[in-house]
Amino acid sequence: MRMAGRRGIITAAASGTGRAAALMFAREGAAVCVVDRDGDKAEAVVGDIRNAGGNAFAVGADLSDDAAARDIVATTVREFGGIDFLWNHLGIPGPAAVEDLDMAQWDSAIDLNLRSQFITTGAALTEMKKAHRGSILFTSSVSGLVSSPWSPVYGAAKAGIIGLAQSLARRYGSFGIRVNAICPGPIDTPMLRVFVDRPDQPHTKGMDVEDLVGKVATVTALGRVAQPEEIARAALFLLSDDASYVTGIAMPVDGGMRA
Ligand SMILES: NC(=O)c1ccc[n+]([C@@H]2O[C@H](COP(=O)([O-])OP(=O)(O)OC[C@H]3O[C@@H](n4cnc5c(N)ncnc54)[C@H](O)[C@@H]3O)[C@@H](O)[C@H]2O)c1
């Protein structure tokens, strides 16, 4: 098992890729703290993990709250006796507007795509430094590598996440801590539907949301969107010892979208 004895956190883990990863990591022997704003759905994921013989617990937390973002690390350490991995998977689509952007929306997008991740990571680093080992992963996006015409704010935040991951990799490498970013293309989750079906984008107005998802699929080389498990497998690689000499990278998992 590739995560035997490893204890850690996955955020936004009640749905989509985070949920797939929580189930997969637990199957691989990890003890998983399943964090999500939707506490009931997080509990359901934990139920599925336990029914399969795995070890997990749920925390219902809105990570826009600084204290909540910090506390999930202490809670995990209390429950499991330590923390070996952290996957900051949370992110929100961000507003489409630019010229007429309500700056409260800017704040919210930056808070949930950068700030909360920074706070949780700071708390985890304190613990990982003591243990002199750890692995941290941030979810960026192809939007962080190339662009996000859907939401330039999202593009800025996701590029920022890569800068943060690479800076932390250099700063904490000598403590035995690896830090990477993963950059998915389109994934078959509820969030993809929010991305493509924006009421404030006139050129998609009135189009069927599944037709829009089909259009996005055509910009990948593989001609399809990813299944959540395909992203979770790449995250498993980066967070496990399989990637023991991999740090400071921004790994595209994008079906050849940028090729
Ligand atoms: N879906 C895509 O096409 C795609 C592509 C590239 C990157 N990403 C990234 O993947 C991550 C999201 O993943 P997904 O596609 O699995 O999404 P998803 O829609 O399946 O799940 C998002 C989860 O985040 C939770 N959440 C939302 N706000 C929260 C908050 N304030 N506090 C705690 N939890 C909160 C929701 O309850 C939900 O369970 C984001 O970082 C996103 O930027 C997604």
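The second largest pocket has a volume of about 170 Å³, where a volume is the space filled by probe spheres set on grid points that are joined across faces, edges and corners. A pocket here is an open set of points on a 1 Å grid over the protein atoms alone, where a 1.4 Å probe fits and protein lies on both sides within 12 Å along at least five of seven lines, and its lining residues have an atom within 4 Å of a point. The model is predicted, so that local features need pLDDT of at least 70 and side-chain atom pairs count only at pLDDT 80 or more, while totals for chains, interfaces and linings use all residues. Residues are numbered from 1 along each chain as its sequence is written, and side-chain values use heavy atoms, with hydrogens and water left out.

Among the residues lining the second largest pocket are Met3, Arg6, Asp84, Phe85, Arg133 and Asp241. By class this lining has 3 nonpolar, 4 polar and 5 charged residues, with Ala, Val, Leu, Ile, Met, Phe, Trp, Tyr, Cys and Pro counted as nonpolar, Asp, Glu, Lys and Arg as charged, and the others, Gly among them, as polar.

The largest pocket holds about 1300 Å³ of space. Its lining comprises 48 residues, and Gly91, Pro93, Met191, Leu192 and Phe195 lie nearest the centre. These 48 lining residues divide into 25 nonpolar, 16 polar and 7 charged. At least two residues of the lining come from each of α1, α5 (142-145), α6 and α7, helices being DSSP runs of H or I with at least four residues, numbered from the N terminus. The most is given by α7, with 6 residues.

The largest pocket is also the space taken by the ligand, a molecule being placed in a pocket if more than half of its atoms lie within 2 Å of the grid points. In the shell around the ligand, two or more residues are given by each of α1 (16-27), α6 (152-172) and α7 (190-196), and α7 has the largest share, 3 residues. Of the 26 residues around the ligand, Ser15, Asp36, His89, Tyr154 and Thr189 come nearest, a residue being near if one of its heavy atoms lies within 4 Å. The shell contains 12 nonpolar, 10 polar and 4 charged residues.

Polar contacts, which are pairs of N or O atoms within 3.5 Å, can be followed at two residues. A polar backbone atom of His89 is 2.7 Å from an oxygen atom of the ligand, and a polar side-chain atom of Lys158 lies 3.0 Å from a ligand oxygen atom. Taken alone the ligand exposes 840 Å², of which the protein buries 93%, with areas from the Shrake-Rupley method and a 1.4 Å probe.

Conventions. Polar contact = N/O pair within 3.5 Å; in protein donor to acceptor, adjacent residues only side chain to side chain.
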